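Hello,

Please find the structure below, for your files. My notes on its aromatic contacts follow.

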Amino acid sequence: MQSIYKYIISLLFCLFLYPIQAQEKNEPAPEKKVQEQKKKEEPKEPEVKFFNGFTVQVDVASLATTALKLGDSYSMEGGIQFDLKKKYYPVFELGVAGADKFSSANAEFKTNGLFGRFGIDMNMMKKKKDSKPTSNLFLAGVRIGMSHFAYDVTNLQITDGYWGGTETVDYTNRVSTKVWYEIVAGVRVEIIKNIFMGWTVRDKNLLGTDVSGEVFPAYIPGYGLNTSNIWSINYTIGYHF
Amino acid sequence: MKNKINIVLILFLLLGISCTVDEGCRKSKTVNMGISFYHVVNKDTTTVMKIDSITVQGLGVDSILYNNTKKLSKILVPLNKIVPESRFVITFDTIKDTITIEQTNTDEYLSLECGCIKVHSIDTVLTTNHFIDSVKISNHTVNTTNAEHLQIYN
């Protein structure tokens, strides 16, 4: 806000000064003129607005893998990212994911659930003082993710090899909430006016551990396989408003 | 620049698709009850006893767990996973005893790939007293640790 005031005051000052300078045009003052010219030649950083719109984006990597059925899980996600001062990019991501996995002994794990993430990216690209802010970005940031979902683990066979007999164990309608954090890095480039494409590499870290002996989900929507650390990649396409 | 980014992206995508986690089960699934043998020397003193020859078999089961095995001071036997009672016929040299364990069976989930196991909590132990003098439960919880759970005294 202060910079806006400064900007307005300096603008008014310049406007006020210009007619006086015009009047004094005929008066010889060569030293002053040289100084002013030098001032004009100095590179001035272009003014950057606080809010520079937002980008609505979808992850095409998860859509492609889901469509091609490359895995036994699916995921669809999108997000909205705000542009603050061409430097900070708060982001909110929302998606739906699920899995239908079978073990080698034919036990089945099934889940469907929503997930959300929020966080912030920073543009790590260094720009020259006199250059215009670019639309191509190298971003690094953090996310906090959460998913609340229900799952089933069924057809778990317990066979007694010595005494004989088999029992089938089913865990149905189990509910779980998982929270994780992500360290992300990626690039975003403007391919056509206002249309951006980019990719993000995510280092995901699960918070909290499962209780030993109790049933736990094999897959977490928005996170992936239930391990303490996992890597993933998103390839996004978005429109900047 | 954009082309280079796209090439890197495709490589990452292929890497992501090609990398699959090996989800094989690496956890122990064997649950056995440990029985150790002791000899009562006097009222306050006991010593570990090695049985010259021991044969152990579940009652009503054809399969023999230990068949005339020599010089053992500890045996590991599986409890019934389905029924809450396990009976064993133990032959000490030539003397037979029947030991009955009443236990609570509980499901323990390991993972999707490993599945479930049954762990047990020993409630009661009953025995005939031909060779066996007495039985003491030293640890009620039977899981994958192969610990000592029963002490048999002679």
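**Aromatic contacts**

One aromatic cluster is formed by Phe51(A), Phe54(A), Phe82(A), Phe92(A), Tyr239(A) and Phe241(A). Please keep in mind that this is a predicted model.

Over all chains, a search of the whole structure gives 15 aromatic pairs. One of them is Phe51(A) with Phe82(A), a tilted pair with 6.4 Å centre to centre and 40 degrees between the planes. This pair links distant parts of chain A: Phe51(A) belongs to strand 1 (residues 51–59) and Phe82(A) to strand 2 (residues 73–84), 31 residues apart. Phe51(A) has a relative accessible area of 42% and is therefore partly exposed. Phe82(A), at 24% relative accessibility, also counts as partly exposed.

Another pair is formed by Trp163(A) and Phe88(B). The ring centres of Trp163(A) and Phe88(B) are 5.3 Å apart and the planes are at 70 degrees, so this pair is edge-to-face. The contact crosses between chains: Trp163(A) is in the loop between strand 5 (137–159) and strand 6 (166–192) of chain A, and Phe88(B) is in strand 6 (residues 85–92) of chain B. Are these two residues buried or exposed? Trp163(A) has a relative accessible area of 15%, and buried means under 20%, so Trp163(A) is buried. Phe88(B) is buried as well, with a relative accessible area of 1%.

There is also a charge over a ring: Arg188(A) lies over the face of Phe196(A), at 5.5 Å from the ring centre.

Regards

Notes
Residues numbered from 1 in each chain as written. Chains lettered and ligands numbered in written order. Predicted model: local features only at pLDDT ≥ 70, side-chain atom pairs only at ≥ 80, totals over all residues. Heavy atoms only, no water. Phe/Tyr/Trp six-rings, centres within 6.5 Å; stacked < 30°, edge-to-face > 60°. Helix = DSSP H or I, 4+ residues; strand = E, 2+ residues; numbered from the N terminus. Buried < 20%, exposed > 50% of the residue type's maximum accessible area, 1.4 Å probe, protein only. Lys NZ or Arg CZ within 6 Å of the ring centre and 35° of its normal.
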